[in-house]
Every structure is written in structure tokens, then in C-alpha cells.
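These notes record what I looked up in the structure, entry by entry. I begin with a single residue and then move to other parts of the chain.

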Amino acid sequence: MITSADLQAALKLYNVTLREGDAVFLYTGWEDLFLQFPAQNATYNGSEPGINTEAAEWLVSQKVVAVGSDTAGVEVIPFEDPNIAFPVHVTLLTNNGIHIIENVRTDLIVAEARKTGRATFFLSMTVPKAVGLTGTFVAPEAIR
């Protein structure tokens with residue numbers, strides 16, 4: 001489970017300050033399991049790392065516009081409260097209009113950050129024009 005303290009520690013590690021309108025991308029390594037299909041299918045589908053509700057609320061307070069992750073759901077699964085499905089989705093997307101971007105190749109961003117010591121980038125994202133959808137495919141690019 002990724003908490004707001006974890007997010008703040010990661011920002012401090014790279015000497016980054018969030019500003020209003022920023023996008024936050026998380027690297028958990030979970031995509032590695034997906035790429036091992038079908039051998040790791042049960043593990044991949046059984047749970048996933050991600051942010052908790054408290055971290056989502058902190059991101060809301062930072063006025064970010066998008067949160068992306070290398071996982072299928074961005075939030076920790078199983079959910080913190082088994083009686084509430086997708087509470088982070090509700091906090092970010094439904095209640096605050098913050099976009100959620102799932103299954104992002106954040107490993108490429110991390111590799112560049114490790115190589116250069118720099119964890120900020122220009123985000124360019126192509127979004128198809130569509131009406132009446134609850135989700136769609138996007139093409140994000142992290143440009144250094």
C-alpha cells in the first residue's frame with residue numbers, strides 16, 4: 001500500500017515539488033508480473049499494489065490533474081475496506097475530476113530518472129474524442 005508519506009518521500013528523493021496541474025505517475029513493478037503471462041496470472045489477478053484513500057486525498061489537496069500507474073487499477077487491491085469498492089477511484093475521479101491512467105509503462109520513466117537523476121518531464125497525452133464513455137485508450141508520452 002502506497003501512502004501519502006511514501007509519495008512525499010519519493011518526491012524528496014528526487015527533490016521534486018508538486019505544483020497545481022501536475023500529473024503523478026507511480027512505478028510499482030507490477031507490470032513485470034503481467035509480462036510473465038500465464039505463469040504469474042494468479043498472482044497478478046489476485047491483488048495489486050497501489051495508493052490508499054489517504055494518499056488519494058493528499059493528491060487531491062496537491063491539486064494534481066492525473067494519477068497514473070503501471071497497475072490495472074492505480075489503487076491498492078484488496079481494498080482497505082472490503083465494503084467499499086474502488087474508493088480511490090471515487091476520491092480521485094468521481095469526487096474531484098482527477099484522471100486515472102492505468103497500465104502505464106512507468107518502467108521507462110523510472111529508468112530515465114535513475115540514469116539522469118531527474119524525475120520530472122513534460123507530459124504529452126493524446127486522447128481520442130469520444131462521447132458517452134467511462135474510459136478510453138490514451139497515448140501518454142513522457143518527454144525529457
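Entry 1. I looked up Pro38 and found it exposed, because its relative accessible area of 59% is over the 50% cut-off. The model I am reading is predicted. I located Pro38 in the loop that runs between helix H2 (31–34) and helix H3 (41–46). I then checked the separation of Pro38 from Val88, which is 50 residues apart from Pro38 along the chain, and noted 28 Å between their C-alpha atoms.

Entry 2. I turned to Asp70, which sits in the loop between strand S2 (66–69) and helix H5 (87–96). Is Asp70 buried or exposed? I found that Asp70 is buried and that it has no salt bridge. Arg105 carries the nearest side chain of opposite charge, at 8.6 Å. I did find a polar atom of the Asp70 side chain 3.4 Å from the backbone nitrogen of Trp30. Setting aside residues up to four places away in sequence, I listed the residues that Asp70 touches, among them Tyr27, Trp30, Asn103 and Thr106.

Entry 3. I next looked up the largest nonpolar core and recorded 18 residues in it. Those with the most contacts inside this core include Leu7, Ile51, Val67 and Leu92. Helix H1 (4–13), strand S1 (23–26), helix H4 (53–61) and H5 each give two or more residues to the core. H4 supplies the largest share, four residues.

Entry 4. Beyond its neighbours within four places in sequence, Leu92 is in contact with Ile51, Ala56, Val60, Val67, Gly97, Ile98 and Ile100.

Definitions and conventions:
Residues are numbered from 1 along each chain as its sequence is written. This is a predicted model: local features need pLDDT of at least 70, side-chain atom pairs count only at pLDDT 80 or more; totals for chains, interfaces and linings use all residues. Side-chain values use heavy atoms; hydrogens and water are left out. Buried means under 20% relative accessible area, exposed over 50%, partly exposed in between (1.4 Å probe, protein chains only). Lys and Arg count as positive and Asp and Glu as negative; His and the chain ends are not counted. A salt bridge is a side-chain nitrogen of Lys or Arg within 4 Å of a carboxyl oxygen of Asp or Glu. A polar contact is a pair of N or O atoms within 3.5 Å; within protein, one must be able to donate a hydrogen and the other to accept it, and residues adjacent in sequence count only if both atoms are side-chain atoms. Contact means heavy atoms within 4.5 Å. A nonpolar core is a set of buried Ala, Val, Leu, Ile, Met, Phe, Trp, Tyr and Cys residues joined through side-chain atoms within 4.5 Å.
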